[in-house]
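This report goes through a two-chain model, from overall make-up to single residues. The sequence and structure come first.

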Amino acid sequence: MRELVLIQPGRTLEGPTAREHERVRADREFEERLTECGPLAFRVAYGVLRNAADAEDVAQEALLKAYRNFGRLREPARFRGWLVRIAFRMALDRWRSVKRREKRETQGEQSEPRAAGPTVEELAVSSEFQARLERAMEELPEKFRLVLLLAAIEGYTLEEVSGMLGIPMGTVKSRLFFARKKLAEKLR
Amino acid sequence: MSCEGYRDKLIVTLASGAGSLDGDVATHLGTCAACEKFYEAQVNLFGAIDSGLRAMVNEAVPASLLPRVRARVAEAGTPHGAWGFSWGFAAVAVAAVLLISVGLLKQSPDSRNKVNDRIPVVFQGARDAKEVTPEQPRVIAAGPKMVAAPSVRVTAPEVLVLAEERAAFEKFVKNLPEEREVAVAFTRPATDAKDEGVEIALLQIDELDVKPLESANR
């Protein structure tokens, strides 16, 4: 049986058909955002967690949360910024719980003394340098850490980072400066 | 400026990501081998930090990410998008209505009476009848059981009564402790026993003695 809808001039389409149309449109828009921002959420989470499986879980949760709140996140810039922040926050939470678990498991064990002497060039390619860099990153304040991660993601300019976080360009630059300087101090 | 000052300037330039050095710093580097060496080390360090950060975030995105999100979105059903707010609003509205209803029920005299009915309290005098505040549980001897009043603060409703009705009620309340059976009967909660069917036996008359009327003999 075909459904007949009466549409009068000057009136909007109402009832289940209108709702269905709206839903289809929202789904289509969400799909666009998902394709565009899904990788970004994963990379932000990976930057914190350094584990692909955990980062994928976090990105998934963040995207699902975004879907649930899509009514107020339909504007692309808003969606991206919200997603980045929520993915970062969730990744931090996950990271903290992982650390707590690790701490419990390795309680009593002593860390190995760090080998001294390699040059900066050698350190750059070594996994030890990477590990030190990660540790230094973990000690940074969250707002500096997020800016640093976003600026390092390929394909995003500082203007875009500024737009994502809703902060002025000057603030992005100053946070980057402070973060890089702090990292260098810790790694020198 | 000392070498230390030039080195600070070098670090600021590298940390800010600016490509070129200031003229005076560049000139100093040309004349100071130690600072030149320091500069090279710092360039390497900042380069290593940048490449380390890039390696940290530009991991290949797993192919399973988007399909898994789509599957979970399909499971989740309708997005809260256009209707999310209205559902939230509806939930808040229902909660508000419930709260208001509960508040009204608590304040209505009927509900107060119901509460009073459930509390077994012995009225010890006219004064006690004005406000029943069984904060200290009173004990009533009710046969083998001791019934204690729960500690619930209840304020009796204010009503207008005739003077003689009031006097009679005060008298009744005054005498109530002496008449324990009456008190117990008043304070005992109503049982939920259902009415049982009553059997009505047929009237049976064994012998019927029929006598003629006296007036008929006359």
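**Model and confidence**

The model is predicted, not experimental. In chain A the pLDDT averages 83, and 81% of the residues score at least 70.

**Make-up of the chains**

Chain A is built from eight helices and has zero strands. Its pattern along the sequence is α-α-α-α-α-α-α-α. Chain B has 10 helices and two strands, and its elements follow one another from the N terminus as α-α-α-α-α-α-α-β-β-α-α-α.

| Chain | Residues | Buried | Contacts 24 or more apart |
|---|---|---|---|
| Chain B | 218 residues | 11% of residues | 57% of contacts |

**The nonpolar core**

The largest nonpolar core holds 64 residues, and those with the most contacts inside it are A41(A), A45(A), A59(A), A87(A) and A91(A). Helix α1 of chain A, residues 16-49, supplies the largest share of this core, 12 residues.

Which residues does A87(A) touch, leaving out those up to four places away in sequence? They are A41(A), V44(A), A45(A), V58(A), A59(A) and A62(A). Among these partners, A41(A), A45(A) and A59(A) are, like A87(A) itself, listed with the most contacts inside the core.

A87(A) is one of the buried residues of α3(A), together with F79(A), R80(A), W82(A), L83(A), V84(A), F88(A), M90(A) and A91(A). Helix α3 of chain A runs over residues 76-105; at 1.5 Å a residue its 30 residues should span 44 Å, and the 43 Å between its end C-alpha atoms agrees with that.

R50(A) is placed in the loop between α1 and α2 of chain A. This residue is not a glycine, yet its phi is positive, at about 60 degrees. Because 18 other C-beta atoms lie within 10 Å, R50(A) is partly exposed.

**Helix α5 of chain A**

The 12 residues of α5(A) should span 16 Å at 1.5 Å a residue; the end C-alpha atoms are 17 Å apart, which agrees. F129(A), L133(A) and M137(A) are the residues buried in this helix. Viewed down the axis of α5(A), the buried residues fall within an arc of 80 degrees, so they line one face of the helix. S127(A), R135(A) and E138(A) are exposed on the other side of α5(A).

Helix α5 of chain A also contains Q130(A). Q130(A) has 18 C-beta neighbours inside 10 Å and therefore counts as partly exposed. Its contacts, apart from neighbours within four places in sequence, are with G52(B) and A55(B).

**Where chain A meets chain B**

How many residues of each chain are in contact across the interface? On chain A there are 43, and they are in contact with 35 residues of chain B. The elements giving two or more residues to the chain A side are α1, α2 (52-68), α4 (120-125), α5 (127-138), α6 (142-152) and α8 (169-187) of chain A. The largest share of that side, 12 residues, comes from α1(A). By residue class, the chain A side divides into 25 nonpolar, seven polar and 11 charged residues.

On the chain B side, A76(B) belongs to helix α4 of chain B, residues 65-76. Its partners, not counting residues up to four places away in sequence, are L64(A) and Y67(A). Is A76(B) buried or exposed? A76(B) counts as exposed, because it has 12 C-beta neighbours inside 10 Å.

Methods
Residues are numbered from 1 along each chain as its sequence is written. Chains are lettered from A and ligands numbered from 1 in the order in which they are written. This is a predicted model: local features need pLDDT of at least 70, side-chain atom pairs count only at pLDDT 80 or more; totals for chains, interfaces and linings use all residues. A nonpolar core is a set of buried Ala, Val, Leu, Ile, Met, Phe, Trp, Tyr and Cys residues joined through C-beta atoms within 7 Å. A residue is buried if 20 or more other C-beta atoms lie within 10 Å of its own, exposed if 12 or fewer, and partly exposed in between; C-beta atoms are placed from the backbone. Helices (H or I, at least four residues) and strands (E, at least two) are DSSP runs, numbered from the N terminus. Two residues are in contact if their C-beta atoms, placed from the backbone, lie within 7 Å. Ala, Val, Leu, Ile, Met, Phe, Trp, Tyr, Cys and Pro count as nonpolar, Asp, Glu, Lys and Arg as charged, and the others, Gly among them, as polar. The expected span of a helix is 1.5 Å times one less than its number of residues. The arc is that of the directions from the helix axis to the C-beta atoms. pLDDT is the predictor's confidence in each residue, from 0 to 100.
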